[in-house]
Amino acid sequence: MPFAKVYSLLVAKAVRKNRTQSEVDGIITWLTGYNSCQIEQAKHNGTTYGEFFQNAPMINPNSVLIKGSICGVKLEEIEDPLMRNIRCLDKLVDELAKGKSVEKIKRR
């Protein structure tokens, strides 16, 4: 699936709950190490969602602190690192949409 399609769905989820694209970008940057220019490039150059994570500059080491369930699956039980990172981003955007502060989402 193209990153651009998933990205638009993540942003739409956040915006419906009065959050911003900028906040979503901040979460993506924190998790993956991409900057906003690189996120824009990935949206426009046909990068797949899997490639986006596989080529991430640096997955944040604090991402191991992300706990909970997404779609009924506990993040701690996901063994495949790619799938875990994908689910972690979904979990972080869910937390944003539910009103959690960006600083708490970033697990500092």
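I start with a definition: angles under 35 degrees count as roughly parallel, over 145 as roughly antiparallel, 65 to 115 as roughly perpendicular, and the rest as oblique. The axes themselves are lines fitted to C-alpha atoms, for helices over the stretch in contact, and the angles run from 0 to 180 degrees between N-to-C directions. Helices (H or I, at least four residues) and strands (E, at least two) are DSSP runs, numbered from the N terminus.

Two remarks on where this comes from. This is a predicted model, in which local features need pLDDT of at least 70 and side-chain atom pairs count only at pLDDT 80 or more, while totals for chains, interfaces and linings use all residues. Residues are numbered from 1 along each chain as its sequence is written, and side-chain values use heavy atoms, with hydrogens and water left out.

Now the helix pairs. Two packed helices are described by the angle between their axes and the distance between the axes. For α1 and α3, the axes come within 7 Å and cross at roughly 120°. The two helices α1 and α3 are therefore oblique to each other. Which residues meet there? On the α1 side they are Phe 3, Ala 4 and Tyr 7, and on the α3 side Ile 39, Ala 42 and Lys 43; contact means heavy atoms within 4.5 Å. Sorted by class, the contact of α1 with α3 has five nonpolar, no polar and one charged residues. For these classes, Ala, Val, Leu, Ile, Met, Phe, Trp, Tyr, Cys and Pro count as nonpolar, Asp, Glu, Lys and Arg as charged, and the others, Gly among them, as polar.

Next, α2 and α3. Their axes come within 10 Å and cross at roughly 100°. That makes α2 roughly perpendicular to α3. Here Gln 21, Asp 25, Ile 28 and Thr 29 of α2 meet Ile 39, Glu 40 and Lys 43 of α3. By class, this contact of α2 with α3 has two nonpolar, two polar and three charged residues.

On to the core. In soluble globular proteins, nonpolar side chains tend to be buried together. A nonpolar core here is a set of buried Ala, Val, Leu, Ile, Met, Phe, Trp, Tyr and Cys residues joined through side-chain atoms within 4.5 Å. Buried means under 20% relative accessible area, exposed over 50%, and partly exposed in between, with a 1.4 Å probe and protein chains only. The largest nonpolar core has 30 residues, and Leu 31, Tyr 49, Phe 52 and Leu 89 touch the most other members. At least two residues of this core come from each of α1, α2 (21-32), α3 (36-44), α4 (49-54), α5 and α6. Take Tyr 49: leaving out residues up to four places away in sequence, Tyr 49 touches Met 1, Pro 2, Phe 3, Val 6, Leu 10, Ile 86 and Leu 89.

Then the salt bridges. A salt bridge is a side-chain nitrogen of Lys or Arg within 4 Å of a carboxyl oxygen of Asp or Glu. How many salt bridges does this rule give? The count is six. One of them joins the side chains of Lys 13 and Asp 94, at 2.6 Å from N to O. This pair links distant parts of the chain, with Lys 13 in helix α1 (residues 3-16) and Asp 94 in helix α5 (residues 81-97), 81 residues apart. Are Lys 13 and Asp 94 buried or exposed? Both are buried. Lys 13, Asp 90 and Asp 94 are also linked in a network of salt bridges.

Glu 95 has a salt bridge with Arg 107, where the closest N and O atoms are 2.7 Å apart. Glu 95 lies in helix α5 and Arg 107 in the segment after α6 (102-105), so the pair ties together parts that are twelve residues apart in sequence. Glu 95 and Arg 107 are both buried. Glu 95 forms a salt bridge with Lys 100 as well, the closest N and O atoms being 3.8 Å apart. Lys 100 is partly exposed, at 31% relative accessibility.

Last, two residues in loops. Asn 18 lies in the loop between α1 and α2 and has a positive phi of about 65° although it is not a glycine. Cys 71 is in the loop between β1 and β2 (73-74), and its phi is also positive, about 55°, although Cys 71 is not a glycine. Asn 18 is exposed, with a relative accessible area of 72%, and Cys 71 is exposed at 62%.
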